[in-house]
Amino acid sequence: MGRTMEADIRIVEEAKKPRSMNPKKFALWLFMVSVVMLFGAWTSAYLVKRAEPGWSSFDLPAQFWLSSLIIVVSSGTMIWARHAARKDNLAHTKAALGLTTLLGAVFLACQWSAWQKMVAMNHYFAGSGSNTSSSFIYVLTGFHGVHIVSGLVFLLLVLGATFKFNVHSKNMLKIEMCATYWHFLGGLWLYLFVFLLLNR
(Lines give C-alpha, C1' and ligand atoms only; values in the text may rest on other atoms or scores of the structure.)
Protein backbone atom coordinates (compact mmCIF):
# COMPACT_ATOMS: atom_id res chain seq x y z
CA MET A 1 0.00 0.00 0.00
CA GLY A 2 2.79 2.36 1.01
CA ARG A 3 4.74 1.63 -2.14
CA THR A 4 1.67 2.27 -4.27
CA MET A 5 1.16 5.66 -2.64
CA GLU A 6 4.82 6.56 -3.13
CA ALA A 7 4.60 5.58 -6.78
CA ASP A 8 1.43 7.66 -7.24
CA ILE A 9 3.06 10.66 -5.57
CA ARG A 10 6.15 10.29 -7.80
CA ILE A 11 3.98 10.17 -10.92
CA VAL A 12 2.08 13.30 -9.85
CA GLU A 13 5.31 15.15 -9.08
CA GLU A 14 6.85 14.18 -12.40
CA ALA A 15 3.70 15.29 -14.23
CA LYS A 16 3.92 18.70 -12.55
CA LYS A 17 7.49 19.25 -13.71
CA PRO A 18 7.43 21.67 -16.68
CA ARG A 19 8.89 20.41 -19.90
CA SER A 20 11.49 22.90 -21.06
CA MET A 21 13.31 23.11 -24.38
CA ASN A 22 17.07 22.88 -24.43
CA PRO A 23 18.45 26.48 -24.39
CA LYS A 24 20.54 25.84 -27.50
CA LYS A 25 17.52 24.51 -29.40
CA PHE A 26 15.49 27.50 -28.22
CA ALA A 27 18.17 29.89 -29.47
CA LEU A 28 18.22 28.09 -32.83
CA TRP A 29 14.46 28.42 -33.18
CA LEU A 30 14.63 32.12 -32.31
CA PHE A 31 17.28 32.58 -34.98
CA MET A 32 15.20 30.74 -37.58
CA VAL A 33 12.15 32.84 -36.73
CA SER A 34 14.23 36.00 -37.25
CA VAL A 35 15.40 34.67 -40.62
CA VAL A 36 11.79 33.96 -41.64
CA MET A 37 10.84 37.52 -40.69
CA LEU A 38 13.74 38.92 -42.70
CA PHE A 39 12.89 37.00 -45.86
CA GLY A 40 9.20 37.67 -45.31
CA ALA A 41 9.95 41.40 -45.32
CA TRP A 42 11.99 41.08 -48.53
CA THR A 43 9.36 39.05 -50.37
CA SER A 44 6.69 41.54 -49.25
CA ALA A 45 8.81 44.40 -50.60
CA TYR A 46 9.24 42.41 -53.82
CA LEU A 47 5.46 42.25 -54.28
CA VAL A 48 5.11 45.98 -53.63
CA LYS A 49 7.83 46.87 -56.15
CA ARG A 50 6.40 44.44 -58.68
CA ALA A 51 3.17 46.45 -58.76
CA GLU A 52 5.04 49.67 -59.61
CA PRO A 53 5.82 50.90 -63.15
CA GLY A 54 9.12 49.87 -64.66
CA TRP A 55 9.10 46.30 -63.43
CA SER A 56 10.87 43.98 -65.87
CA SER A 57 10.50 40.23 -65.51
CA PHE A 58 12.65 37.48 -67.05
CA ASP A 59 12.97 33.71 -67.00
CA LEU A 60 14.81 32.30 -64.02
CA PRO A 61 18.07 30.47 -64.78
CA ALA A 62 17.64 26.70 -65.23
CA GLN A 63 20.27 26.19 -62.52
CA PHE A 64 17.66 27.13 -59.92
CA TRP A 65 15.73 23.98 -60.82
CA LEU A 66 18.83 21.87 -60.30
CA SER A 67 19.53 23.65 -57.01
CA SER A 68 16.04 22.74 -55.82
CA LEU A 69 16.58 19.07 -56.62
CA ILE A 70 19.94 19.07 -54.85
CA ILE A 71 18.58 20.67 -51.67
CA VAL A 72 15.73 18.14 -51.52
CA VAL A 73 18.18 15.23 -51.90
CA SER A 74 20.43 16.74 -49.22
CA SER A 75 17.50 16.78 -46.79
CA GLY A 76 17.14 13.06 -47.49
CA THR A 77 20.80 12.41 -46.68
CA MET A 78 20.42 14.50 -43.50
CA ILE A 79 17.52 12.28 -42.42
CA TRP A 80 19.74 9.27 -43.11
CA ALA A 81 22.49 10.76 -40.92
CA ARG A 82 20.14 11.38 -38.00
CA HIS A 83 18.61 7.91 -38.27
CA ALA A 84 22.05 6.29 -38.40
CA ALA A 85 23.16 8.21 -35.31
CA ARG A 86 20.10 6.99 -33.41
CA LYS A 87 21.10 3.44 -34.34
CA ASP A 88 24.74 4.11 -33.31
CA ASN A 89 25.83 3.34 -36.86
CA LEU A 90 28.67 5.86 -36.92
CA ALA A 91 30.01 4.72 -40.29
CA HIS A 92 26.70 5.57 -41.95
CA THR A 93 26.41 8.76 -39.90
CA LYS A 94 29.78 9.97 -41.16
CA ALA A 95 28.97 9.00 -44.76
CA ALA A 96 25.58 10.70 -44.67
CA LEU A 97 26.93 13.90 -43.09
CA GLY A 98 29.77 13.99 -45.60
CA LEU A 99 27.35 13.52 -48.49
CA THR A 100 25.04 16.23 -47.14
CA THR A 101 27.99 18.61 -46.90
CA LEU A 102 29.05 17.79 -50.46
CA LEU A 103 25.51 18.37 -51.76
CA GLY A 104 25.40 21.69 -49.92
CA ALA A 105 28.62 22.75 -51.65
CA VAL A 106 27.19 21.67 -55.03
CA PHE A 107 24.07 23.70 -54.26
CA LEU A 108 26.22 26.81 -53.78
CA ALA A 109 28.07 26.06 -57.02
CA CYS A 110 24.73 25.88 -58.85
CA GLN A 111 23.69 29.21 -57.36
CA TRP A 112 26.94 30.79 -58.51
CA SER A 113 26.37 29.35 -61.96
CA ALA A 114 22.86 30.83 -61.94
CA TRP A 115 24.30 34.25 -61.14
CA GLN A 116 26.74 33.91 -64.04
CA LYS A 117 23.82 33.03 -66.30
CA MET A 118 21.95 36.14 -65.14
CA VAL A 119 24.99 38.29 -65.91
CA ALA A 120 25.21 36.70 -69.35
CA MET A 121 21.57 37.73 -69.87
CA ASN A 122 22.51 41.31 -68.84
CA HIS A 123 20.65 41.11 -65.53
CA TYR A 124 22.88 42.70 -62.92
CA PHE A 125 22.52 43.53 -59.25
CA ALA A 126 23.03 47.24 -59.89
CA GLY A 127 24.30 49.54 -62.55
CA SER A 128 23.91 49.38 -66.32
CA GLY A 129 21.34 46.84 -67.45
CA SER A 130 20.05 46.18 -63.94
CA ASN A 131 16.41 46.30 -62.93
CA THR A 132 14.47 45.94 -59.71
CA SER A 133 13.52 42.35 -60.45
CA SER A 134 17.08 41.12 -60.90
CA SER A 135 18.28 43.07 -57.87
CA PHE A 136 15.73 41.34 -55.66
CA ILE A 137 16.75 37.93 -57.01
CA TYR A 138 20.39 38.60 -56.18
CA VAL A 139 19.45 39.70 -52.65
CA LEU A 140 17.13 36.76 -51.94
CA THR A 141 19.41 34.07 -53.35
CA GLY A 142 22.57 35.71 -52.06
CA PHE A 143 21.45 35.96 -48.45
CA HIS A 144 20.07 32.44 -48.60
CA GLY A 145 23.48 31.36 -49.86
CA VAL A 146 25.11 33.01 -46.85
CA HIS A 147 22.89 30.94 -44.58
CA ILE A 148 23.79 27.81 -46.55
CA VAL A 149 27.45 28.56 -45.81
CA SER A 150 26.61 28.73 -42.11
CA GLY A 151 24.78 25.42 -42.49
CA LEU A 152 27.88 23.86 -44.08
CA VAL A 153 30.00 25.07 -41.16
CA PHE A 154 27.47 23.49 -38.78
CA LEU A 155 27.63 20.24 -40.76
CA LEU A 156 31.43 20.16 -40.62
CA LEU A 157 31.38 20.75 -36.86
CA VAL A 158 28.92 17.88 -36.36
CA LEU A 159 30.95 15.67 -38.69
CA GLY A 160 34.06 16.44 -36.66
CA ALA A 161 32.18 15.60 -33.45
CA THR A 162 31.11 12.30 -35.01
CA PHE A 163 34.72 11.37 -35.73
CA LYS A 164 35.46 12.09 -32.05
CA PHE A 165 32.58 9.76 -31.03
CA ASN A 166 30.64 12.69 -29.55
CA VAL A 167 27.55 11.99 -31.67
CA HIS A 168 25.58 8.83 -30.89
CA SER A 169 22.22 7.64 -29.59
CA LYS A 170 22.95 9.04 -26.12
CA ASN A 171 24.16 12.41 -27.40
CA MET A 172 21.89 13.55 -30.24
CA LEU A 173 21.68 17.29 -29.54
CA LYS A 174 24.26 18.44 -32.10
CA ILE A 175 22.97 16.35 -34.98
CA GLU A 176 19.32 17.09 -34.18
CA MET A 177 19.99 20.84 -34.19
CA CYS A 178 21.99 20.53 -37.40
CA ALA A 179 19.21 18.52 -39.05
CA THR A 180 16.59 21.06 -37.97
CA TYR A 181 18.61 23.94 -39.39
CA TRP A 182 19.44 22.16 -42.63
CA HIS A 183 15.81 21.18 -43.27
CA PHE A 184 14.85 24.78 -42.51
CA LEU A 185 17.29 26.08 -45.12
CA GLY A 186 15.95 23.59 -47.65
CA GLY A 187 12.36 24.63 -46.97
CA LEU A 188 13.34 28.30 -47.18
CA TRP A 189 14.93 27.79 -50.59
CA LEU A 190 11.88 25.93 -51.94
CA TYR A 191 9.67 28.76 -50.70
CA LEU A 192 11.87 31.38 -52.41
CA PHE A 193 12.04 29.41 -55.65
CA VAL A 194 8.27 28.87 -55.86
CA PHE A 195 7.70 32.50 -54.88
CA LEU A 196 9.95 33.74 -57.69
CA LEU A 197 8.34 31.37 -60.19
CA LEU A 198 4.87 32.63 -59.35
CA ASN A 199 5.77 36.32 -59.08
CA ARG A 200 7.97 37.14 -62.06
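Of the 200 residues of the protein, 40% count as buried, where buried means under 20% relative accessible area with a 1.4 Å probe and protein chains only. The model is a predicted one, in which local features need pLDDT of at least 70 and side-chain atom pairs count only at pLDDT 80 or more, while totals for chains, interfaces and linings use all residues. Residues are numbered from 1 along each chain as its sequence is written, and side-chain values use heavy atoms, with hydrogens and water left out.

The protein has six helices and zero strands, so that helices (H or I, at least four residues) and strands (E, at least two), taken as DSSP runs, are numbered from the N terminus. Read from that end, the elements run α-α-α-α-α-α.

The largest nonpolar core has 49 residues, and those with the most contacts inside it are Met 78, Leu 97, Ile 175 and Trp 182; such a core is a set of buried Ala, Val, Leu, Ile, Met, Phe, Trp, Tyr and Cys residues joined through side-chain atoms within 4.5 Å. Two or more residues come to this core from each of helix H2 (23–50), H3, helix H4 (90–120), helix H5 (132–163) and H6, and H6 gives the most, with 14 residues.

Two of the helices can be compared with their expected span, which is 1.5 Å times one less than the number of residues.

| Helix | Residues | Expected span | Span between end C-alpha atoms |
|---|---|---|---|
| H4 | 31 residues | 45 Å | 45 Å |

H3 packs with H4 at an angle of about 165 degrees, their axes being 8 Å apart, where axes are lines fitted to C-alpha atoms, for helices over the stretch in contact, and angles run from 0 to 180 degrees between N-to-C directions. That makes H3 roughly antiparallel to H4, a term for angles over 145 degrees. By class, their contact has 19 nonpolar, nine polar and one charged residues, with Ala, Val, Leu, Ile, Met, Phe, Trp, Tyr, Cys and Pro counted as nonpolar, Asp, Glu, Lys and Arg as charged, and the others, Gly among them, as polar.

The axes of H3 and H6 (residues 173–198) come within 10 Å and cross at roughly 160 degrees, and these two helices are therefore roughly antiparallel to each other. The contact of H3 with H6 has 16 nonpolar, six polar and three charged residues.

Methods:
Angles under 35 degrees count as roughly parallel, over 145 as roughly antiparallel, 65 to 115 as roughly perpendicular and the rest as oblique. Buried means under 20% relative accessible area, exposed over 50%, partly exposed in between (1.4 Å probe, protein chains only).
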